[in-house]
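Here is a short note for a colleague opening this structure for the first time. Please keep the sequence and the 3D view side by side while reading.

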Amino acid sequence: MKFVCSLVTILLTIAPCFAAERALEDVIDDVNTAVLNVTVRTNGGEQAMGAGFIISADGYAVTNAHVVEDAEDITVTTIYGDDYETNLVGVDKMTDVALIKIKNPNGLEAVHFADSDNVRVGNAVFAIGNPYGLGNSVSTGIISAKERDIEKGPYDNFLQTDATINQGNSGGPLFSMAGEVVGMNTAIFSLQGENMGLGFATPSNMVQWVVERLKTEGEVKRGWLGLSVRSVRAKDENAVIQLAVTKIEENSPALKAGLKVGDIIERLSNISLKNPRLFSAEVAATKPGTKLDAVVRRDGEILPFELEVDQMPKPQQKKVDPEGIFHPQSVEDLDLSAEQLDAASEFTELQIKAYYDENAQDFVIVQMAPDSELSAKGVEIGNRLIAADNKKIYGAEDLKIKLRQGADKGAIELKIKSGNGNIDVVKLKLGKQ
């Protein structure tokens, strides 16, 4: 039996006086009835287990998309031991959220959502899940951080918790001490699959946003402007945050509006310019057809623009093997233009050429010597180099600096994202230059 890895945690809401009025065990008694153990059987006969929770009395429930992936049938079990068959309403792999509908619901109790924007680092939380298939289990902790990007997807915005999370907890709720859901346990950071005190939950506001679209349309239609951006480091500490346009797609709203590569975006309606990741997430959450007012600086001149958000195109199908892993045979299989391939940098120490993706802030490997150490360790063309010695990489020069530092130590650890989204740490020996 396979157990799906996830995280479960607890969190304190912004109403500590209310939380203090009730004993934790009473709060747990109230919400435990809405937490589900999820059992999935696939076409190949494999069985996996995770967790989920009921969000409405008429039988709607949520779990992680990776829990129900390739499901032939999905069964949920309540704390009372009642089994229910379900229908899969829809999944959104970009946020790892899935919506299911319980058949013939009877007397089900649902959770209540909190506003995850109000969550603060240090808030106490508790999580309920299904570790190793044991059934409803509770763990407690605090919120360790917010807005975490763990390279899991394009819209990472996780709540980090130190609550004990183990395999089989994926899709379970993370509660405030008042018994309101602040997040859905989605991932853990672990070297061998065991708990290391680093769990990550999808914020409740994002879960609700995705669920509403899955419920009404069966899929998530995202906004799209067709441009990539990078942060601009302002010399003046008091200067407003700005983003520079690094790429514009063909037939995109950005191109039609007249934007150009090199433009500095100083304002785009109410879209955040804090960093490229939040910018992309907020654009994606904007309804297609919405018109956005932009203020752009170009060659010292301030220019106004209006952009109409379009619907994000569906990604092209990639060639995958039976296990769902992308194995590009050549650079033609990569989603890169000729200009991007020409802009790839060579790193002789690694025996690769790689293109730096400004938006994702990582490298796409476009060429690699077949007898290289990376190749021997299973790294392939199309894999992404996302960190060196556990630090983000900010362009070719930054990676070269990190490689020189690694050479001084004799080795470097590279974090590599493979074609199926898994992240591996590869350690390479480096000689002094």
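1. Start with the second largest pocket, which holds about 530 Å³ of space. The model is predicted, and this volume is computed from it. The lining counts 21 residues. Nearest the pocket's centre are D117, N157, M206, A281 and E282.

2. Which elements build that lining? Helix 6 gives the most, with four residues.

3. Next, look at the nonpolar cores. In soluble globular proteins, nonpolar side chains tend to be buried together. Here the largest nonpolar core has 40 residues. I55, F126 and F175 have the most contacts inside it. A second core is separate and has 23 residues, including F347, V379, A388 and L403.

4. Five strands form an open sheet in the order 16-17-18-19-20, and the pairing is antiparallel. Strand 16 (227-231) and strand 20 (301-308) are the edges, each pairing on one side only. From one strand to the next, the twist averages 40°.

5. Strand 18 (residues 264-268) runs antiparallel to strand 19 (residues 291-298), and four bridges join them. Which residue of strand 19 is the bridge partner of L268? That partner is A294.

Methods. Residues are numbered from 1 along each chain as its sequence is written. This is a predicted model: local features need pLDDT of at least 70, side-chain atom pairs count only at pLDDT 80 or more; totals for chains, interfaces and linings use all residues. Side-chain values use heavy atoms; hydrogens and water are left out. On a 1 Å grid over the protein atoms alone, a cavity is a set of points where a 1.4 Å probe fits but cannot get out, and a pocket is an open set with protein on both sides within 12 Å along at least five of seven lines; lining residues have an atom within 4 Å of a point. Grid points are joined across faces, edges and corners, and a volume is the space filled by probe spheres set on the points. Helices (H or I, at least four residues) and strands (E, at least two) are DSSP runs, numbered from the N terminus. A nonpolar core is a set of buried Ala, Val, Leu, Ile, Met, Phe, Trp, Tyr and Cys residues joined through side-chain atoms within 4.5 Å. Buried means under 20% relative accessible area, exposed over 50%, partly exposed in between (1.4 Å probe, protein chains only). Two strands pair if DSSP finds at least two bridges between them. Axes are lines fitted to C-alpha atoms, for helices over the stretch in contact, and angles run from 0 to 180 degrees between N-to-C directions.
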